[in-house]
Amino acid sequence: MAALEQLLRLVLSEAFLFYVFSGLAVASALGVVLQSNPVHSAFSLIVTFCSLSAIYGLLGAPFIAVLQIIVYAGAIMVLFLFVLMLLNVKREAPRAGRALAAAALLLGLLFAVQVGTTLSGPGLTPAAGYDASTQAFARQLFSPRFVYVFEATSILILAALVGAVVVAKKEP
Amino acid sequence: MTIPLEHALLLSTALFAIGVVGVFLRRNVITVFMCIELMLNAVNLAFVGFSRATGNLDGQILVFFVMTVAAAEAAVGLAIVIALRRQKDTLDLDAFSSLRW
Amino acid sequence: MSFENLVQNPVLVLPWIVLLLPLLGFVVLCLFGDGIKRDKEENGAGILATALVLVSFALSVVVFRGLQAVQPLDGLRFVQPYLGFEWIDVASFRISMSLLVDPLSALMTLVVTGVGGLIHVYSLGYMAHDEERVRYFSYLNLFTFFMLLLVLGGNLALMFVGWEGVGLCSYLLIGFWFKKKSASDAGNKAFIVNRIGDVGLILAMALAFQTFGTLDSFELVENAKNLAYEPIAQAGVVTAICLLLFLGACGKSAQVPLHVWLPDAMEGPTPVSALIHAATMVTAGVYLVARLAPLFRLSEGAMLAVAWVGGITALVAASIALVQTDIKRVLAYSTVSQLGYMFLACGIGAFGIGVFHVFTHAFFKALLFLGSGSVIHALSGQQDMRVMGGLRTRIPVTFWTFVVGTAAIAGIPWLAGYFSKDEILLNALVRERLPLFWLGLFTALLTAFYMSRLLFMTFFGSFRGDQEAEAHLHESPWSMLAPLVILAAACFYVGQLPVNAFLAPALRSPDELELASPWWFHQVVIGVAVAGILGAFLIYVVYSGLSSRIYSALRPLNRVLESKYGFDLVYDGFASGVVVEGSRRVLWQRVDIAAIDAAVDGVGRLVDGVARATRVLQTGLVRAYALVILGGTVALLGYLLWSPR
């Protein structure tokens with residue numbers, strides 16, 4: 001009984017769940033890159049988004065977690081799939097030349113190392129009294145600091161809307 | 001047991017690197033777009049991690065805006081993809097090389 | 001001195017008027033000249049030009065008189081009329097618009113306006129039928145203005161303006177009949193050879209300014225005078241300045257080796273030859289040397305150079321004159337020779353005597369040239385003495401005035417040349433410059449000989465021309481004869497004027513004007529002159545076949561003399577060989593085409609090559625670009641993170 005409780009405690013702990021979901025995220029990200037069928041890549045990306053959402057939740061950002069599902073997985077990926085279906089995209093031809101692949105891999109690795117080096121340092125301990133609820137989020141968002149930017153994004157979305165319509169329109 | 005910041009950042013780095021490599025390795029335009037979205041998400045993760053570490057909500061608000069921009073960008077980008085497909089009837093990135101010398 | 005002073009004291013304003021009247025004539029003739037000449041016969045332009053110069057002459061006589069009334073300073077009477085403003089006023093470099101009127105410049109002014117006025121009168125007759133006589137008179141007036149500026153200018157800069165100006169007018173007037181190629185070539189030659197001398201003058205001016213800090217003539221002379229009493233630390237500089245000045249003088253006054261332009265300059269109208277190349281412009285060099293006499297006295301080396309160049313020129317030119325057949329060329333070489341005498345005199349320290357010879361030479365040389373012009377006019381343009389002869393009965397006035405001129409230059413007593421030339425030889429003897437004395441004496445013999453030769457060949461014997469020319473023989477009009485008579489009369493008178501004493505203060509000459517002559521001196525000199533005349537008489541009049549026999553006997557010598565000692569050949573060889581060919585082969589082909597063009601084209605080709613090499617990056621492939629971006633980012637981050645600090 002105590003062992004089971006211990007196990008459950010372990011399984012449901014923050015850290016453990018975090019590692020599980022991060023593993024899932026990495027795996028599905030690799031799936032995005034390595035799969036030949038674009039539709040399969042899209043599905044892998046959805047899995048990545050969902051695991052990321054879980055991680056946000058674990059990190060104490062519930063609003064962002066929900067937003068991730070609604071916006072990314074729910075809107076953007078739907079859009080992607082829509083276009084994929086519309087254009088009837090088939091399986092992709094064999095990938096790029098060896099030289100390019102090798103160069104890309106090498107540079108990517110190097111880049112990762114560099115970014116990692118940059119980001120590692122003495123870690124900050126999470127502050128106590130960290131209120132990330134939706135109300136607190138809203139209070140910050142609509143504060144004079146961010147409200148103008150917020151309104152500006154609405155214009156951005158309008159511009160994107162108009163632009164998309166114009167670009168994709170068929171010439172009469 | 002709290003999640004140390006470094007681990008979140010490490011995950012963010014890994015996802016970002018995978019996205020970068022993906023941009024080069026894939027020939028389909030839409031797949032390249034998806035890899036770009038992956039990179040954006042990796043950045044979001046880093047922001048949230050830092051927000052948690054400093055106790056400041058600014059990081060999360062930035063994530064909010066990043067998501068908005070990503071959505072707009074995806075919309076316009078896919079519209080362009082449709083236009084390109086109409087031009088050349090292919091989605092191979094290497095086919096669009098008319099800006100050669 | 002301000003503008004108000006100018007108005008109050010007439011001596012101060014008159015020199016400016018004397019100077020500017022001929023300029024006014026030039027401007028008026030340029031603008032309205034063609035209107036003044038209404039029909040072919042009328043000579044309004046010429047009359048205006050002549051009148052202005054004669055008025056200038058009258059005013060310069062007044063100035064001369066006015067100068068006598070000025071209070072002397074250290075024994076020197078002078079005024080410096082100042083217009084009230086500077087030409088250039090930059091830092092320490094000031095050129096004032098001021099003139100210097102002292103005995104030297106007053107004398108020269110009288111000569112320029114007086115003899116110049118007579119030549120203007122003569123030109124009224126000589127150029128009466130020329131289509132372009134308006135242009136001619138405008139140039140003559142312009143020349144007069146520049147020559148006056150040269151002699152009256154208060155500083156070397158204004159003098160240089162006049163110097164260059166007379167050079168320009170010389171070019172314009174020599175090449176007056178520019179449609180004739182030999183005339184325009186001669187004009188070019190004169191200007192170019194002058195220019196070579198001018199380099200020396202410009203350098204001298206620069207050096208003088210650097211050494212003395214001023215270009216004002218009066219101040220330069222004062223500075224030089226003061227330097228005489230101090231150990232001269234800058235002796236080298238003074239010699240350099242003097243030699244460079246003399247180089248300029250050689251160019252303008254046709255000394256060896258820059259004498260080659262003067263004989264060719266006879267292509268111009270004869271009055272021009274008389275004015276510019278006998279009486280005034282060529283004497284500018286002597287004027288320059290005399291004006292800065294105290295400076296020259298400081299440098300023994302320069303004086304030596306001046307004396308010997310003068311002496312050698314005198315001899316060389318006289319020898320070439322022996323074999324000339326064109327009447328004007330004989331006179332041209334004679335002018336070169338007499339100029340040599342003037343420089344010889346200056347070089348041995350007798351600056352006043354040199355200027356005295358300028359003065360007398362102006363009269364008798366102008367007379368000789370105008371006389372030759374009269375002969376040419378009588379023969380309707382013929383200048384070759386070999387087809388002349390026996391003219392003394394046909395054109396008597398011309399003949400007798402010419403006799404006076406010949407006697408003057410040969411050194412017959414009581415005539416002009418006797419006094420000045422004698423003084424030069426006497427100075428050479430007494431100052432113990434014996435080689436120069438013998439040189440001068442021998443040249444005097446030659447001078448008497450070739451001038452008499454000219455006289456006898458032209459006026460004696462029987463006429464050697466053709467029938468048609470003989471029929472047209474006529475005496476010249478009075479506008480041409482009157483100046484001849486006046487000049488002939490002057491030849492009797494001017495030799496006796498005490499010019500040397502008059503000029504002594506201006507030239508800062510030390511007091512040793514009276515020289516004792518040895519008992520035999522005058523006899524020897526006169527004897528030499530008579531021997532020359534007699535020799536010519538025998539060869540050309542009495543035994544007429546003798547000349548051709550002597551000529552064939554002395555063939556090689558004749559060839560040397562006739563080729564003018566090869567100066568023209570050397571210059572031509574240098575010009576066409578070195579300059580032209582060198583420019584073509586080296587400067588054009590090697591430097592310009594191969595080097596400079598190649599460099600410029602090479603830059604273009606380099607850019608093209610680099611562009612060709614680098615444009616391979618423009619593949620048009622998005623992924624390649626993205627890879628490059630990534631590569632760049634990695635490199636940058638690598639540098640920032642891992643570079644050794």
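Me: Among contacts in chain B between residues at least 6 apart in sequence, what share joins residues at least 24 apart?

Reply: Two residues are in contact if their C-beta atoms, placed from the backbone, lie within 7 Å. In chain B, 48% of the contacts between residues at least 6 apart in sequence join residues at least 24 apart. This is a predicted model, in which local features need pLDDT of at least 70 and side-chain atom pairs count only at pLDDT 80 or more, while totals for chains, interfaces and linings use all residues. Residues are numbered from 1 along each chain as its sequence is written, and chains are lettered from A and ligands numbered from 1 in the order in which they are written.

Me: How many helices and strands are there in chain B?

Reply: Helices (H or I, at least four residues) and strands (E, at least two) are DSSP runs, numbered from the N terminus. Chain B has 3 helices and 0 strands, in the order α-α-α from the N terminus.

Me: Which residues touch the most other members of the largest nonpolar core?

Reply: A nonpolar core is a set of buried Ala, Val, Leu, Ile, Met, Phe, Trp, Tyr and Cys residues joined through C-beta atoms within 7 Å. A residue is buried if 20 or more other C-beta atoms lie within 10 Å of its own, exposed if 12 or fewer, and partly exposed in between. Within the largest core, of 205 residues, they are F363(C), A366(C), L367(C) and C491(C). Helix α16 (residues 351-378) of chain C supplies the largest share of this core, 16 residues.
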